[in-house]
Amino acid sequence: MSAALDGPAPRGRRAAVLGFWQGTVGLATGLSVIAGVLISVTQLVEWVDDSKRANLTGRLQSLQHVAHLLERDERIRLRARAFLKERLPEILPRLDELILRAGSGEDLYLSQDMEDYAAVHFHYEQLGALVKLEYIEFPLVYEVIPFPDDYLAAVEPLRQALADHWKGPGRPLPDLGANIVYLKRCYAFSRAHPDQMARCPPP
């Protein structure tokens, strides 16, 4: 055999072989990086799409809740109007007598004559609690629910009498309607700052 086959490969040939393998490894590494980037970008696009779909789904669900809230509030406002016209003029002049006859403010509150009042009170008391506990954002409530200022002013003597005798004559429940009061403060604060986003006053 010739020395070319038996002996060590010439230095130039070894360099060429080494260069070939280095280039191959470099190419493979570059392809791996590119493939990794493509996979990451693809996953990011999928994540963004999923997030957009989830956000849209959440907003649609929120819209359904808002629609139900508006429908309920409309029914409640009709009941409030009916109570003011039909029942309150009869109840106020006999308020102390009716509480004594019922046994307590709570008993009168739960009576058939007070069904509309109780429904309205519960609606706005619950709404105030949801806002206070941040289950619902106040800016949304402020934009879609008109606060019943006139109604609450008209029924305030009734609410106060019920609170004063809630557990029986002379046995009060001082915080009756506290969440409604909180909600009223939120509306008042937002109306006083029309150039800002609606919000409740700081504690």
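Start by selecting helix α3, residues 95–102 (helices here are DSSP runs of H or I, at least four residues, numbered from the N terminus). Leu95, Leu98 and Ile99 are buried, meaning under 20% relative accessible area with a 1.4 Å probe, protein chains only; exposed means over 50%. These three sit on the same side of α3 because they cover an arc of only 100° around the axis, taken from the directions from the axis to the C-beta atoms. Step just past α3 to glycine 103, which has a positive phi of about 110°.

A word on what you're viewing: this is a predicted model, where local features need pLDDT of at least 70, side-chain atom pairs count only at pLDDT 80 or more, and totals for chains, interfaces and linings use all residues. Residues are numbered from 1 along each chain as its sequence is written, and side-chain values use heavy atoms, without hydrogens and water.

Next, select α5 (residues 115–132) and α8 (residues 178–192), which pack at about 65° with axes 7 Å apart; the axes are lines fitted to C-alpha atoms over the stretch in contact, and angles run from 0 to 180 degrees between N-to-C directions. Show side chains for the contact (heavy atoms within 4.5 Å): among them are His121, Tyr124 and Lys132 of α5, and Ile180 and Tyr182 of α8.

Last, colour by pLDDT, the predictor's confidence in each residue, from 0 to 100. The chain averages 82, and 69% of the residues score at least 70. Over residues 1–6 it is below 50.

Methods:
Helices (H or I, at least four residues) and strands (E, at least two) are DSSP runs, numbered from the N terminus.
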